[in-house]
Amino acid sequence: MAKIKYIEFNGTEHEADVANGLSVMEGAIQNDIPGIDADCGGGMSCATCHVYINDDEWFKKLPEKEMGEDDMLDQAFEPKSNSRLSCQLIVSEDLDGLTVHMPEKQV
Amino acid sequence: MIKTDVVIIGAGPTGLFCAHQLGIIGLKCEIVDNLDKIGGQCIELYPDKPIYDIPAVPKCTGEELTNNLIEQIKPFNFNFHLSDRVQELKNENNKWFVKTLNGKEFETHNIVIAGGVGSFEPRKFPTKSAEKYDGKSVLYSIKDKTIFKDKSVVIFGGGDSALDWAIELSNSSKVTLVHRRDEFRGAPASVQKIKELSDNKTIDLITKYSIKDVKGNGSLESVEIKSESGESKVIKADYVLGFFGLIMQLGPIAEWGLNLDRKTIPVNTENFETNKKGIFAIGDICTYPGKLKLILSGFHEGALAARGCFKYARPDEKYRFEFTTASSTIKDRLGVKE
């Protein structure tokens, strides 16, 4: 279990306890947190669960991007170097306290 | 006006298998899809990626699955209406009248929405100022490449479309290619070619930059780009092209008076009918307790929706369940000779 903070583009904060093994994306969907669309349902084949990891320490701590994630991020709305697809961030105790920022929009 | 039993919206695996089930029970259908090819997300998003959870098929790609489904419905000779989109629905005397973007009209008893997560549309620039030039000098696809002759063209993107057009247009235009990172996702040969063209100064290659603003006075004059650290550059541009892949938009489906839950349509699990009589929703676009977004769930949903359609298309007949292994009627429909 990890506490994940999701911050919408307008600054609205949401916190959720997400079970180990779920993705950060699923944590948002299951808790009805707006700002993550996840059109493809976690298949890394859209780019609508895009988040920014604004804390550099956290960004470095996350598991590295797999091949294909950056390709998909090319197709996201305003990707930056601290962008991740939240469907690829699998929750474990290590992610307790992570904060993700949502982009202005997903599509 | 084309008269039919069912109009299927979406030619992905779910729509195709639903068509098969309609054919098996003796109904006709017409299939409309926004893409220019059959296969939906399978063909657009992951044609080469293997799928491992199709029952009795240990492994197949999106393209193979699509081709097999096309083969499976071949006996029924259903019509496909590709690069078109269902725009308007109207109900009169328990029939649905359907109009498409290209002006096709259908009269049908049933509509099956197998639209995935909506229709694919190009992702556009996030910059508001680009909207003013959309379709004129800011483009997301190319219909006529002769307009770029001797012009300054700034291309954004790192996939095959961006690379291929940068290579192609470099023969007759001043091309600048801008991409957000140093790596490209296009084919290795194209990436190699782009690097050569950049080395010999045929094109300008700028990486780690993205669009900031487009500027002009009536007509487009330049595009401003920014790096993440805040540097910016202004590049002269007659045309700006963006190739960021496709996004999925629900589009006109949202305006048909259907109940919606986020971007999905609630259905009952008996026949996958929506809140509108004669409109069914199957596959990724439908939702119900326990819904799984799997292709196999879409197949099941399509089979049941097809039986639901039968009731409205043949109100005076009783639907009789038959097995394909045993029924001579079904074998006739499939054109099987024994």
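Modeller: With the domains. This is a predicted model. The C-alpha centres of domain 1 and domain 2 of chain B lie 38 Å apart.

Colleague: Which residues belong to domain 1 and domain 2 of chain B?

Modeller: Domain 1 takes 2-120 + 247-334, and domain 2 takes 124-244.

Colleague: Next, helix packing. What describes two packed helices?

Modeller: The angle between their axes and the distance between the axes. Take helix H1 (residues 13-24) and helix H6 (residues 295-313) of chain B: their axes come within 8 Å and cross at roughly 40 degrees.

Colleague: Which residues of H1(B) and H6(B) make the contact?

Modeller: H1(B) supplies B:Pro13, B:Thr14, B:Phe17, B:Cys18, B:Gln21 and B:Leu22. From H6(B) come several, including B:Ile295, B:Phe299, B:Glu301 and B:Cys309. The contact residues divide into 10 nonpolar, 4 polar and 1 charged.

Colleague: Now a sheet. What is the strand order in the open sheet of 3 strands in chain B?

Modeller: S14-S15-S16, with antiparallel pairing. Strand S14 (209-217) and strand S16 (232-236) are the edges, each pairing on one side only. From one strand to the next, the twist averages 25 degrees.

Colleague: Over how many bridges do S14(B) and S15(B) pair?

Modeller: Over 8 bridges, in the antiparallel sense.

Colleague: How many residues does each chain give to the contact between chain B and chain A?

Modeller: Chain B gives 18 and chain A gives 15. On the chain B side, they divide into 7 nonpolar, 4 polar and 7 charged.

Note on methods: Residues are numbered from 1 along each chain as its sequence is written. Chains are lettered from A and ligands numbered from 1 in the order in which they are written. This is a predicted model: local features need pLDDT of at least 70, side-chain atom pairs count only at pLDDT 80 or more; totals for chains, interfaces and linings use all residues. Domain bounds come from an automatic or database domain assignment. Axes are lines fitted to C-alpha atoms, for helices over the stretch in contact, and angles run from 0 to 180 degrees between N-to-C directions. Helices (H or I, at least four residues) and strands (E, at least two) are DSSP runs, numbered from the N terminus. Two residues are in contact if their C-beta atoms, placed from the backbone, lie within 7 Å. Ala, Val, Leu, Ile, Met, Phe, Trp, Tyr, Cys and Pro count as nonpolar, Asp, Glu, Lys and Arg as charged, and the others, Gly among them, as polar. Two strands pair if DSSP finds at least two bridges between them.
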